[in-house]
Amino acid sequence: MFKWLHPLAKPETVYHLCGKLYPWLMFAAIALLALGNIWGLAFTPPDYQQGDSYRIIHIHVPSAIMSMGTYSAMAIAAFVALVWQVKVAQWSVLAIAPIGAVYTAIALITGMAWGKPMWGTWWVWDARLTSELILLFLYLGVIALSGAFSDRQTGAKAASLLAIVGVINLPIIHFSVEWWNTLHQGASITKFAKPSIDPSMLWPLLISILAFKVLMLALTCLRLRTAILVNEQHRPWVKALAGER
Amino acid sequence: MYFQSLAEFWAMGGYALFVWLSFGTTYALLAALIGYSHYQQRQFKQQLAKRLAREQRVKQYQEQSS
């Protein structure tokens, strides 16, 4: 049943697969982001309370959701790497981490730019904001830890372990708005009920979320290819590949 | 379009600073990440090609001198 899964453990196969997928994914990501953002910026009505400032939602929510989605992807890769000793999974942990760090930074910065006009402050030490900041530090920790060992394999293993331990932060971020009194509003779409947002605003938002997801996949393909080349540089297939050019 | 004019669009109902700050930073960060990832790959491929060429030269030299 999982026969198709086995070739994916072979670096050479993954390298070529990612190379084929990358241009399509990148094109789709940019097209979706342009569609979702232009729709959200110019073709949706303003919010009845927040006016036009609410349009920040079209990047704040996608980047925030995908900062957590990217972390899950990284943690799953780390788990596969540690349990089944799959090298490609090991390398993808380090390929994904910088993407997640950038998404988290975007979520924090856009949140600050939204908080200033609506809450009257750029930053408060409130549960949602603090736990999201910890997510950024977890990403940076994974990146730093992998580079802190002279042996690349040991560093990657330590980083994977940190990535798995950090999963505890994900439910804390998600439920922070329910568990603690916070300035941050509750969930509007990631809940088991009808989204509390008008369809005219929901559609461009969903498209932008999809755009951030596809962009994450595209960047993972690109960065994983580099990681495979670096780690397999002494193998014959990489030498043959480099000789072709 | 929900705005009457382009000027009104840029003004964002008085929230221009915050809206364009957000979108500007987002696109700048994403572009930097995409650009840097491409740069890393190009850089490594060049480095690899150089190393393989040097190995080739060393091999040729050794064959000649033996």
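This report describes the fold of chain A and its interface with chain B in a predicted model.

Residues are numbered from 1 along each chain as its sequence is written, and chains are lettered from A and ligands numbered from 1 in the order in which they are written. In this predicted model, local features need pLDDT of at least 70 and side-chain atom pairs count only at pLDDT 80 or more, while totals for chains, interfaces and linings use all residues.

Chain A contains eight helices and zero strands; helices (H or I, at least four residues) and strands (E, at least two) are DSSP runs, numbered from the N terminus. The mean pLDDT of chain A, the predictor's confidence in each residue from 0 to 100, is 91, and 98% of the residues score at least 70.

| Element of chain A | Mean pLDDT |
|---|---|
| Helix 2 (residues 57–84), highest | 95 |
| Helix 8, lowest | 82 |

Of the 245 residues of chain A, 42% count as buried, meaning that 20 or more other C-beta atoms, placed from the backbone, lie within 10 Å of the residue's own. The C-alpha atoms of chain A fill a box of roughly 65 × 35 × 35 Å along the principal axes.

At the interface, 34 residues of chain A are in contact with 24 residues of chain B, a contact requiring C-beta atoms, placed from the backbone, within 7 Å. Helix 3 (87–119), helix 7 (199–231) and helix 8 (236–244) of chain A each supply at least two residues of the side that touches chain B. The largest share of that side, 11 residues, comes from helix 3 of chain A.

How values were computed: Two residues are in contact if their C-beta atoms, placed from the backbone, lie within 7 Å. A residue is buried if 20 or more other C-beta atoms lie within 10 Å of its own, exposed if 12 or fewer, and partly exposed in between; C-beta atoms are placed from the backbone.
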